[in-house]
Amino acid sequence: MTRALFLIELAMLLKARFTWIIGALLFAALAWGAVNGQANADQQQATVDRVKMHAATKVARQQADVARYGRPAGTLLPYWQDPSDAAGYMRYGLTAYALKPPSPLAGLAIGQSRLLPFYIKTDLDYVAPPAAAFDFINPRILSLGDFDLAFVLVYVLPLALIAIGASRLAAERDSGALRLMAAQLPSFRQLVMLKFSVAAIVCVPFTLVATVLALLVADTPCWSMQALDTMLLLGAALAGFTLFWVALTALVASRIGVVGSYLRLVSVWIGFTFFVPAAGALLIDMAYPAPSPLLYLDDLRRANDFTPANRDALFVRFARAEPAYAAAAERIGKVSYATKQIAVQQAVERQVEERVAAAARQSEDAAGRAAALRWLSPAMVFDTLLQQAAGSGVERHKRFLQRTKDYTDELRAFFWPRALAEAANPANPCQGCAARLNFTDHDKIPRFQADRPLDGVAGRIGGAVGYLWMLADAVVLMLWSGRRFRV
């Protein structure tokens, strides 16, 4: 009897026109979201390629200028126009970028990638997190959010599962058919589990297959061996998330009527996807108020408010503290502005260091609390998991900013000693040439090494996958307990 009812329930669910309508709409939304996400990733990759080409072209042109100006000409270029002067080049001619290329799985979730910079032109006067260096987007468009695959899976999929599953038990109870069906089995719990099993067997594989087909439609390059472990974990997470909502739908629908089932399930969906995130954000803002950026800008303005005399005095003290550059202090009148800014920049950073450190501590504390509150909502956990897998989340961007700062320090270590050595002991190997030729090592300028977006992703999302399955198992156990079932 159990097998017969199982087959009947499976046939009814598969034959229902409503099931196919919901399934078709869900697949269309998944495909549309995947196409939008991949289009955004393709645009970012095209921009990254253009930035690389621009930087390489400019360096090649500068090297050609060095060769052209490295011949007697009877004139001398201003140092800020001389591509062979170390001080002038590091401040006015350097074209070096820190890049955050999109991940092969970037089409899964646009996340924060349209709000945060993915390429930054490095500046040796780097003080705090740099400003965004990308094209402006209409803020009204950004406020609407992005319709991508993650949006469909996190927000639309639960509604589709509720629409399919909420009426399986509730409608039959309202019509009286449920009593007749329950009389054919040893217990009503067995009937509930049978219907739940049918819904799970249909919905979980359909969701996985539809998502894979949507990625194929969008031509997302996520099938490499490097991405295989991440894709398997994403499949497990999606299956657990789907199973959670199927089980929750069966749990609610086994206790109340069809109208009440829909109302309660939609209320739970609203709570998980909107109320919990909004309440968590409000609590974090109250507990960890963000420092005013205006105060930081005011401190930065004050720190940079140097008169020429103050700048000279600061550089003299700085040069005399280093025996190798002490000679530059004796010829301060001939030291270039770009070289003097080395001492100024270090003084500026010391003055704003405390406020920058306080802002960093506040950000870290708020981020830690947000990560803890995220576990209160499976929707937030799943959304964060998708962004981490796609390389479009805040965590990767923080690592990118740190790598940018490290790269800036590397460039400083390359250029500053050369500029200071030239200021202390000026020399021109080509008398009468237009160029100074004290810097010709353009090929040795450090290059930014972009990260490998998929490295370590599997380890970072493994806990979230386990969490989703733990929630699904907990709801299934509650369903199996059979308490408060009503025929």
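This report describes a surface patch, a helix pair and several salt bridges in a predicted model.

## Basis of the values

Because the model is predicted, local features need pLDDT of at least 70 and side-chain atom pairs count only at pLDDT 80 or more, while totals for chains, interfaces and linings use all residues. Residues are numbered from 1 along each chain as its sequence is written, and side-chain values use heavy atoms, with hydrogens and water left out.

## A nonpolar surface patch

Val209, Val212, Leu213, Leu216 and Trp223 make up a nonpolar patch on the surface, and together they have about 450 Å² of accessible area. Accessible areas come from the Shrake-Rupley method with a 1.4 Å probe, and for residues only the protein chains shown count as cover. Patch members have over 30% relative accessible area and no salt bridge; nonpolar side chains (Val, Leu, Ile, Met, Phe, Trp, Tyr) are joined within 5 Å, and like charges within 9 Å.

Tryptophan 223 lies in the loop between helix 7 (188-218) and helix 8 (225-253). Helices are DSSP runs (H or I, at least four residues), as are strands (E, at least two), numbered from the N terminus. Tryptophan 223 counts as partly exposed because its relative accessibility is 45%; buried means under 20% relative accessible area, exposed over 50%, and partly exposed in between (1.4 Å probe, protein chains only).

## Helices 10 and 13

The axes of helix 10 (residues 293-303) and helix 13 (residues 337-373) come within 9 Å and cross at roughly 165 degrees. Helix 10 is therefore roughly antiparallel to helix 13. Axes are lines fitted to C-alpha atoms, for helices over the stretch in contact, and angles run from 0 to 180 degrees between N-to-C directions. Angles under 35 degrees count as roughly parallel, over 145 as roughly antiparallel, 65 to 115 as roughly perpendicular, and the rest as oblique.

## Salt bridges

The structure holds 12 salt bridges, each a side-chain nitrogen of Lys or Arg within 4 Å of a carboxyl oxygen of Asp or Glu. One of them joins glutamate 330 and arginine 320 (3.7 Å, N to O). Glutamate 330 is in helix 12 (residues 326-330) and arginine 320 in helix 11 (residues 308-320), 10 residues apart. Both glutamate 330 and arginine 320 are exposed.

Aspartate 409 and lysine 405 also meet in a salt bridge (3.5 Å, N to O). Both lie in helix 15 (residues 394-424), four residues apart, about one turn of the helix. Aspartate 409, at 31% relative accessibility, counts as partly exposed, and so does lysine 405, at 33%.
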